[in-house]
Amino acid sequence: MTDHAAPPSSWYRDSIAVDPGPCLPLEGEVRADVCVVGGGITGCSAALELAERGYSVVLLEAGEIGHGASGRSGGQILPGLGTDMATVERALGQEAARDIWRLSREAVALTAERVERHAIPCDLEWGYLHAAVKERHVRELAEYRDRMARDYDYHELEMLEGEALRERVVTDAYPAALYESAAGHLHPLNYTLGLARAARDAGVSIHQHSVAVAIERGQPACVRTATGRVTADFVVLGTNAYQAGLVPELSGRVMRAANYMIATAPLSESQAARVLPHNDALSDANFVLDYYRLSGDRRLIYGGEVSYDGREPRGIQARMDAKIARLFPVLEGIPIEYRWGGDVAITLNRAPDFGRLGGNLYYAQGYSGHGMALAGLAGRLMAEAIAGQAERFDAFAAMPHRHFPGGSLLRTPLLVLATTFYKLRDRL
Ligand SMILES: Cc1cc2nc3c(=O)[nH]c(=O)nc-3n(C[C@H](O)[C@H](O)[C@H](O)COP(=O)(O)OP(=O)(O)OC[C@H]3O[C@@H](n4cnc5c(N)ncnc54)[C@H](O)[C@@H]3O)c2cc1C
């Protein structure tokens, strides 16, 4: 799904509550301090932070703001990374891992702060369940809770079982779940549009339908579109899975994986109370995980399934329908009104990939399905680095990343094979 065409039918697009203002395509030659490529959370956040620091900023978005993962996501806001903190400890040591954990918590706080400061109507709610599907998961979640309390001084995880769990999610499907009060969910497209609106108010020139087709590197750099050109001292790349070879050095460090979501018709108040009475978000502990939450108008927004070739897996809607009916018999027969997909960029170790090329091109990508909060922080850290304070950006950039094995031909088949293995393991 790396094209820049209109997204498939998404409930988010049908419930837009934020107008970022006119964002006409780029025409002609423009000079700026910074050219940001990509109008997702990474790009909008970087543009906002840079403009607030006094930089002149031009943002180019190939489609419309939120066209990529940011406008299609599950909207779940969590601290941490797409991988366990143990991966970071092994790569960088425990002190550095603690710094990264603290930054990931800042990412969540930053999200909440921006929603409030910029009055973004995106239905932000707190409360999160990490649900075990089998006994092995219960042990793993308990170990995780203990490790986070001991090594990271993090005490927001509480194991729920039996009635205490059913009070938060009304199903018998899970033997236990970790409840995390410091995580939550929001409407991802309205949040992204809210960041864009704030960036525009802060002086950023936003150009939609402006695909960056080439970046001429140098000091300054030039970013070209079909109808214009931006000359800038710095370039920030926030293109994530939608990059499509714009910066060839970055291909191979991330792989594109499509993820799918549905939205049911709105539930009645009494149905919602028999599903997620406290309006928490939930994800299960499988490797190819399912996740869900209620929207502001009480639809069940359910995500899961993955594909690596850009084609939607067959029968996805029927499978999701069956899962929902199994989890919540009270919802049997509720119509699914929307279905859409989006692309995530995954790295080999599932930690995000931050870095710079040639001294003045900054990038942050590969959040591995865990970027709703982190992408916002990435924008802030890139702005800090451009302003000369790079320590916090470099804490992430120090994370080593290997290219996916198999070269351009075998990369996808190898990834499919590995995922098949983990899917089978999920069934054991
Ligand atoms: C279905 C789905 C569910 C998800 N659920 C969650 C979740 O619940 N919680 C969570 O933390 N994360 C989730 N994620 C991941 C999260 O959405 C992403 O990590 C995050 O949105 C990445 O933001 P971004 O700005 O880096 O990239 P994107 O939002 O993908 O933005 C990249 C933008 O760059 C633009 N672009 C690309 N190339 C060019 C070019 N050449 N010129 C101009 N513009 C260009 C694209 O059009 C796109 O708008 C999910 C992702 C998907 C797809």
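**Note on helix packing, domains and the ligand shell**

1. The crossing of α2 and α10 is right-handed. A crossing counts as right-handed if the near helix is turned clockwise from the far one by less than a right angle, and as left-handed if anticlockwise. The contact on the α2 side is made by I41, T42, S45, A46, E49 and L50. From α10 come A375, G376, A378, G379, R380, M382, A383 and I386. Two residues are in contact if their C-beta atoms, placed from the backbone, lie within 7 Å.

2. This is a predicted model: local features need pLDDT of at least 70, side-chain atom pairs count only at pLDDT 80 or more, and totals for chains, interfaces and linings use all residues. Residues are numbered from 1 along each chain as its sequence is written.

3. α2 and helix α10 (residues 374–386) pack at an angle of about 40 degrees, and their axes are 7 Å apart. Axes are lines fitted to C-alpha atoms, for helices over the stretch in contact; angles run from 0 to 180 degrees between N-to-C directions. α2 and α10 are therefore oblique to each other. Angles under 35 degrees count as roughly parallel, over 145 as roughly antiparallel, 65 to 115 as roughly perpendicular, and the rest as oblique.

4. M85, V88, E89 and L92 of α3 meet Q94, A96, A97, I100 and W101 of α4. Helices (H or I, at least four residues) and strands (E, at least two) are DSSP runs, numbered from the N terminus.

5. The protein divides into domain 1 (11–73 + 189–253 + 349–417) and domain 2 (124–184 + 256–345). These bounds come from an automatic or database domain assignment. The C-alpha centres of the two domains lie 29 Å apart. In the interface, 15 residues of domain 1 are in contact with 14 residues of domain 2. Helix α12 (residues 407–427) gives the largest share of the domain 1 side, three residues.

6. Around the ligand there are 43 residues, of which G40, G68, G74, G342 and G371 come nearest. A residue is near a molecule or strand if its C-beta atom, placed from the backbone, lies within 6 Å of it. α2 (41–52), β11 (255–264) and β15 (336–346) each supply at least two residues of this shell. Domain 1 and domain 2 each give at least three.
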